Amino acid sequence: MKTQIILLAALASLPLFANDNAMVNSPDGKLEVSLGIRHGRPYYSVTYDGLKAINNSLLGLTTNEQDLTRDLSIKTTETTNIDERYTLDRSKTSEVHYVANRLLATLATPQGQELQVEFRVSNNDVAFRYLLPKQGETGSVRVTSEATSFSFPDGTTTFLTSQSDPMIGWKRTKPSYEELYCWDAPMSQGSQYGHGYTFPCLFHERGVFDNKADELWVMISETGLDSRYCATHISDAHANPLNGGGIFQSSYLNTYTIAYPMPEENNGIGTTDAAIALPGSTPWRTITVGRTMKPIVETTVPWDNVKPVFKTNRQYKMGRGTWSWILWQDESINYDDLCKYVDLAKAMGYEYALVDNWWDTNLGKECDGTAKDPNKSIEKLIEYAHSKGVDVFLWYSSSGYWNDIEQGPINRMANSVIRKREMKWLESVGVKGIKVDFFGGDKQETIRLYEEILSDADDHGLMVIFHGCTLPRGWERMYPNYVGSEAVLASENIVFDQAQCDLEAKYATLHPVLRNAVGCMEFGGSFQNKYMNRDNKPRENRHVNTRPCTSTFSLATAILYQNPIQNFALAPNNLEDAPEVSMQFMRDVPTTWDEVRYIDGYPGRYLIMARRHGDTWYVAAINAEPQKLVISLDLSVLNATSFTLYSGGDTPTAKPMKLKAGKTLLNLAPNDGIVIVAK
């Protein structure tokens, strides 16, 4: 009897069919994906440099027509090579050479129902998706759930931000990807709301391998999302049903599963399923792996396997902008104050000025063209901006019928008839872009609205920034007029909350290696105000949020944070009260990059990165630790001939540096930073 039990246990660990396994490696051979079947259930695993990055994890999906998670075998496999070059004009790298190996596996049930799984494996990245072929007369299905999971070695720690409850927060506008992160948390620690976590997700596998000195960093995310699917996130950690010899044996909370939107999102409007025409496919799920965070910071996986959704004959210009609302708030949405921010843009050499909410009420512009005060209307402001060589972005609410937003304009972007009429007017008065806010959901119907806004805006030569929104998923390459998303607890919280002021440095060491690693991030920072109010002065009888971070630190964040249209948090008073060195730096800083390099760092502690624009490198370093940090830099790798060091805390200086043999040592005080400009 004992022998029989041992034999059965051994058989349970083997594939059900002899041919039910396949494998694909990266071009350099370090990254390996294995595909297998156990008891009719498909699974995969990921190994990097001989270390198991992702343990055996389930695959498959369920539709309203079929269960494609069970009773499957591998019918056929096909392997091919990919070698592609493409350009990005609004991201962290301008020229990309994508080389990968591709595995396409067709899985089938005994009844002949098929599901294809496609893996593309480059040197540090895995991208995979499902393809559903058309079978019989069925021309469409609803994907109701996925078995797709990510199982990590026990002891892995996490850097995750929770998926919010729906219909909570400001005017019932959540979820909006603006929750706090947990740092180096155990996988057993549950999410804040019990709904799992939003992409991207960072995992640190340290001390979990046989050689305790080994470590891996792993980031998972999603890309290639358009109107044909909903956005997804991951669940809280649970036990992996594939652990052990049996299929439901595990007590460790180490596995995360793809989760779909919640029914209550967007006030219950729209389904939680994804409706797709056949043949059809899911978005790509991505896994980036490295011994350090370098492959994560430098990855191009969000764009490698996506294509433009539509082409354009418009020319869009990236650049910098001013933004009155961030410091002067709602009271600044008047003609005179907005003119001051136009003047600031002119003085800084910036291309744009952003006019935020309430402009339709405070300055006046209804759909019939009437204005509250024709002499100080929004059209008059636009005309004034153009006279100064500055173009304008205008703010809009995404809707009004799925939240409680009253900040106008509302009810214009979600109605196709009104939206097209509005955009026609925007083009006629020379507006160059719009900022659309408060989406509050990941359902397919909401994703369809993002795409409709982008498509209609392109018809009228308008760029689009999204706030209060979902994570961008490959959109820089997919949509020619897309120029930014918030999808992060951004700079307004530094204005609202002293606790967020105090955490500014800590989060600045995380966002560039996680949120900003997978897509542009419209953070709206780089303050030069010390005090978060209109005149940059403390108050004796009233609390004013005070930034512990220095002026030089703010210069570093202009490099660390990437968005092709950057609306910086500068104010007109900074022309008088900020160090001229800082203001000149902010006049010169670019917003698009040709190359990015990770140098060193640890989320929550410190970060050193470099970005190149043309023939100029910008090296930025910040310190979030409570004690002084000594950093070591080898600047010879930049192949530059002149170096300028920006340092000095709140009284920054710009001094030439002489390149010495070996590494350069520099000191960083807490909440401080440096920038080196190398030409």
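In which strand is Leu-633 found? Leu-633 is found in strand β32, which covers residues 629–633; strands (E, at least two residues) and helices (H or I, at least four) are DSSP runs, numbered from the N terminus. The model is a predicted one, in which local features need pLDDT of at least 70 and side-chain atom pairs count only at pLDDT 80 or more, while totals for chains, interfaces and linings use all residues. Residues are numbered from 1 along each chain as its sequence is written, and side-chain values use heavy atoms, with hydrogens and water left out.

With a relative accessible area of 2%, Leu-633 is buried, where buried means under 20% relative accessible area, exposed over 50% and partly exposed in between (1.4 Å probe, protein chains only). Apart from neighbours within four places in sequence, the residues in contact with Leu-633 include Ile-599, Ile-608, Val-619 and Gly-662, contact being defined as heavy atoms within 4.5 Å. Although Leu-633 and Gly-662 are 29 residues apart in sequence, their C-alpha atoms are 8.6 Å apart in space.

The largest nonpolar core has 197 residues, and those with the most contacts inside it are Phe-119, Ile-287 and Phe-466; such a core is a set of buried Ala, Val, Leu, Ile, Met, Phe, Trp, Tyr and Cys residues joined through side-chain atoms within 4.5 Å. Helix α5 (residues 335–348) gives the most to this core, with 8 residues. A second, separate core consists of 7 residues, among them Tyr-86, Leu-88, Val-96 and Ala-100.

Aromatic pairs are also found, 36 of them in the structure. Rings of Phe, Tyr and Trp (its six-membered ring) pair if their centres lie within 6.5 Å, and planes under 30 degrees apart count as stacked, over 60 as edge-to-face and the rest as tilted. Phe-128 and Phe-150 form a tilted pair, with 6.3 Å from centre to centre and 50° between the planes. This pair links distant parts of the chain, since Phe-128 lies in strand β10 (residues 125–132) and Phe-150 in strand β12 (residues 149–151), 22 residues apart. Both Phe-128 and Phe-150 are buried. The ring centres of Trp-183 and Tyr-507 are 5.2 Å apart and their planes are at 70°, so this pair is edge-to-face. Because Trp-183 lies in strand β14 (residues 181–186) and Tyr-507 in helix α13 (residues 504–508), the pair ties together parts that are 324 residues apart in sequence. Ring pairs also link Phe-310, Phe-439, Tyr-450, Phe-466, Trp-475, Tyr-479 and Tyr-482 into a cluster.

Among the strands, β3 (residues 41–48) is joined to β4 by 5 bridges, and the two run antiparallel; strands pair if DSSP finds at least two bridges between them. Within this arrangement, Tyr-43 stands opposite Leu-58 in β4. The hairpin formed by β3 and β4 has 2 residues between the strands, and Asp-49 in the turn has a positive phi of about 55°. Of the 8 residues of strand β4 (residues 51–58), 7 are buried, so the strand is largely enclosed by the rest of the structure.

An open sheet of 7 strands, with parallel pairing, has the order β27-β26-β25-β24-β23-β22-β28. Its edge strands, β27 (482–485) and β28 (565–567), each pair on one side only. Strands β22 (residues 319–323) and β23 (residues 352–355) pair in the parallel sense over 3 bridges, and the bridge partner of Trp-323 in β23 is Leu-354.
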